[in-house]
Amino acid sequence: MKLRGLYAITDSQLLAGRFLSHVEAALEGGVCLLQYRDKSDDAARRLREAEGLMKLCERYGTQLLINDDAELAARLGVGVHLGQTDGPLTPSRALLGRRAIIGSTCHASLELAAQAASEGASYVAFGRFFNSVTKPGAPAANVELLEQARAQVKLPIAVIGGITLDNAAPLVAHGADLLAVIHGLFGADSAQEVTRRARAFNALFAS
Ligand SMILES: Cc1ncc(COP(=O)(O)OP(=O)(O)O)c(N)n1
Ligand SMILES: Cc1ncsc1CCOP(=O)(O)O
Ligand SMILES: [Mg+2]
């Protein structure tokens, strides 16, 4: 499966009261990957919400990943995104199997990307590229790093952090395969606007 296009990531606060409707609106517009990102420790709610997303993703033919939690991903038979403090990649690959999509946060480090590749990551993620309301303190990356990564890294490259329709095009032009977006997608007031934004993000990959 080709990893290229919009990578939508949920946010429990931002989507409160409109969780499934906004996610479905995004899937309607086209989503390559969907990540369930919930930083709470409410295991029952996390399982319930992730199962809800799984059903939606099956309907739309979208791949689901769970942020941080390889055990939950294994329980559902989906992928996982792991940051540098979320546990080592190799055991997660063994747990989830060779076909699972496993992503790795590499901040702005080509060394971390090389390590992730050697440990069996499916894609590497760099960022944040812009100011992020969701994660303001995330380490900064820039397009020079992205260009270097494109030349050196054989895996699909995800970019993240403050990405909107106004600033995403240069990232695609410099080699990004996946635009990972929370606020710039789900910050929309209406479901129709979420769908419009999803289509517009994907259109950046058309040429
Ligand atoms: C696609 C993608 N890239 C980076 C991250 C950030 O992961 P991490 O550094 O573990 O931070 P949290 O998201 O867990 O707060 C991501 N989730 N997805
Ligand atoms: C999880 C994460 N990691 C680096 S920036 C970020 C937040 C992305 O959210 P937004 O698209 O709202 O800036
Ligand atoms: Mg994490």
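Modeller: A salt bridge is a side-chain nitrogen of Lys or Arg within 4 Å of a carboxyl oxygen of Asp or Glu. The model here is predicted, and Lys-39 forms such a bridge with Asp-68, with 2.6 Å between the closest N and O atoms.

Colleague: Where do Lys-39 and Asp-68 lie in the chain?

Modeller: Lys-39 is in the loop between β2 and α2, and Asp-68 is in the loop between β3 and α3. The two are 29 residues apart, and the pair links distant parts of the chain.

Colleague: How many salt bridges does the structure hold?

Modeller: The structure holds eleven. One of them joins Arg-59 to Glu-24, where the closest N and O atoms are 2.6 Å apart. Arg-59 lies in helix α2 and Glu-24 in helix α1 (residues 19-29), so this pair ties together parts that are 35 residues apart in sequence. Arg-59 is exposed at 59% relative accessibility, while Glu-24 is partly exposed at 24%.

Colleague: Which residues are linked in a network of salt bridges?

Modeller: Asp-38, Asp-42, Arg-45, Arg-46, Glu-49 and Asp-69 are. Within this group, Arg-45 and Glu-49 form a salt bridge whose closest N and O atoms are 3.3 Å apart. Both lie in helix α2, four residues apart, which is about one turn of the helix. Glu-49 has a relative accessible area of 17%, so Glu-49 is buried.

Colleague: With which side chains does the side chain of Asp-38 make polar contacts?

Modeller: One is the side chain of Ser-40, at 2.6 Å, and another is that of Arg-45, at 3.0 Å. Asp-38 is in the loop between β2 and α2 (43-60) and counts as buried, at 4% relative accessibility. Beyond its neighbours within four places in sequence, Asp-38 is in contact with Ser-12, Arg-45, Arg-46 and Glu-49.

Colleague: What about Arg-93, a charged residue that is buried yet has no salt bridge?

Modeller: For Arg-93 the nearest side chain of opposite charge is Glu-119, 10.0 Å away. The salt-bridge limit is 4 Å. Arg-93 belongs to helix α4 (residues 89-96). A polar atom of the Arg-93 side chain lies 3.4 Å from the backbone oxygen of Arg-98. Leaving aside neighbours within four places in sequence, the contacts of Arg-93 include Arg-99, Ile-102 and Ser-122.

Colleague: How are the strands arranged?

Modeller: Eight strands form a closed barrel in the order β1-β2-β3-β4-β5-β6-β7-β8, with parallel pairing. Neighbouring strands of this sheet are turned by 25° against each other on average, direction ignored. Strand β1 (residues 5-9) pairs with strand β8 (residues 178-181) over four bridges, with Gly-5 partnered by Leu-178. On β2, Gln-35 is the bridge partner of Ile-9, and three bridges join β1 to β2. Strands β2 (residues 33-36) and β3 (residues 63-67) pair over four bridges, among them the one between Leu-33 and Gln-63.

Colleague: How does one read the two faces of a strand?

Modeller: In a regular strand the side chains alternate between the two faces of the sheet. In strand β5 (residues 102-105), Ile-102 and Ser-104 are on one side and Gly-103 and Thr-105 on the other, and all are buried. Strand β4 (residues 79-82) runs parallel to β5 and is joined to it by three bridges; Val-80 has Ile-102 as its bridge partner. In β1, five of its five residues are buried.

Terms used: Residues numbered from 1 in each chain as written. Chains lettered and ligands numbered in written order. Predicted model: local features only at pLDDT ≥ 70, side-chain atom pairs only at ≥ 80, totals over all residues. Heavy atoms only, no water. Buried < 20%, exposed > 50% of the residue type's maximum accessible area, 1.4 Å probe, protein only. Lys, Arg positive; Asp, Glu negative; His and termini not counted. Polar contact = N/O pair within 3.5 Å; in protein donor to acceptor, adjacent residues only side chain to side chain. Contact = heavy atoms within 4.5 Å. Pairing = 2+ DSSP bridges. Axes fitted to C-alpha atoms, helices over the stretch in contact; angles between N-to-C directions.
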